[in-house]
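Q: Could we go through this model together before I set up any calculations?

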Amino acid sequence: MPGRTPQRAALDRALTKSERQPSGCLLFTGSLDKDGYGMMGVTDFGTQRVHRLAYEVLVGPIPEGMEIDHLCRVRNCMEPAHLEAVTRRVNSLRSESFAAIN
């Protein structure tokens, strides 16, 4: 398929390993890392977190210095509408960590 990038091919594979939830989350049901994020091998790019892959393919490049925040707070969600590029500070403040709560 012309124009199909390795990232797009990996995302297509990831979509076959996902389930739509009533909440709107699109949960990746494949391999998860120790922190609960979905992981997918991408030719020439090594292993990538699936939510970052979904964002880059479906939304656009992740701006330098930004992280992808799960607005739904579900780490294996890959629904682009639930993902937002934010600074590390914003991502930390939105988290449920002790530092963010205080």
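Predicted model: local features only at pLDDT ≥ 70, side-chain atom pairs only at ≥ 80, totals over all residues.

A: Residues are numbered from 1 along each chain as its sequence is written, and side-chain values use heavy atoms, with hydrogens and water left out.

Q: How many helices and strands are in the chain?
A: The chain has four helices and six strands, taken as DSSP runs numbered from the N terminus (helices H or I, at least four residues; strands E, at least two). From the N terminus on, their order is α-β-β-β-β-α-β-β-α-α.

Q: What does the C-alpha trace span along its principal axes?
A: The spans are about 50 × 30 × 25 Å.

Q: Moving on, what is the volume of the largest pocket?
A: The volume is about 380 Å³, meaning the space filled by probe spheres set on grid points that are joined across faces, edges and corners. A pocket is an open set of points on a 1 Å grid over the protein atoms alone, where a 1.4 Å probe fits, with protein on both sides within 12 Å along at least five of seven lines; lining residues have an atom within 4 Å of a point.

Q: Which residues are closest to its centre?
A: Of the 14 lining residues, Tyr37, Asp69, Arg73, Arg75 and Asn91 are the closest to the centre.

Q: And which element gives the most to that lining?
A: Strand S5 does, with four residues. The elements that give two or more are helix H2 (50–58), S5 (66–70) and helix H3 (88–94).

Q: Which residues of H2 are buried?
A: Val50, His51, Leu53, Ala54 and Tyr55 are buried in H2, where buried means under 20% relative accessible area with a 1.4 Å probe, protein chains only. They pack against helix H1 (6–15), strands S2 (26–28), S3 (39–42) and S4 (46–49), and also S5 and S6.

Q: What about just after H2, what phi does Gly60 take?
A: Gly60 has a positive phi of about 150 degrees.

Methods. Buried < 20%, exposed > 50% of the residue type's maximum accessible area, 1.4 Å probe, protein only. Contact = heavy atoms within 4.5 Å.
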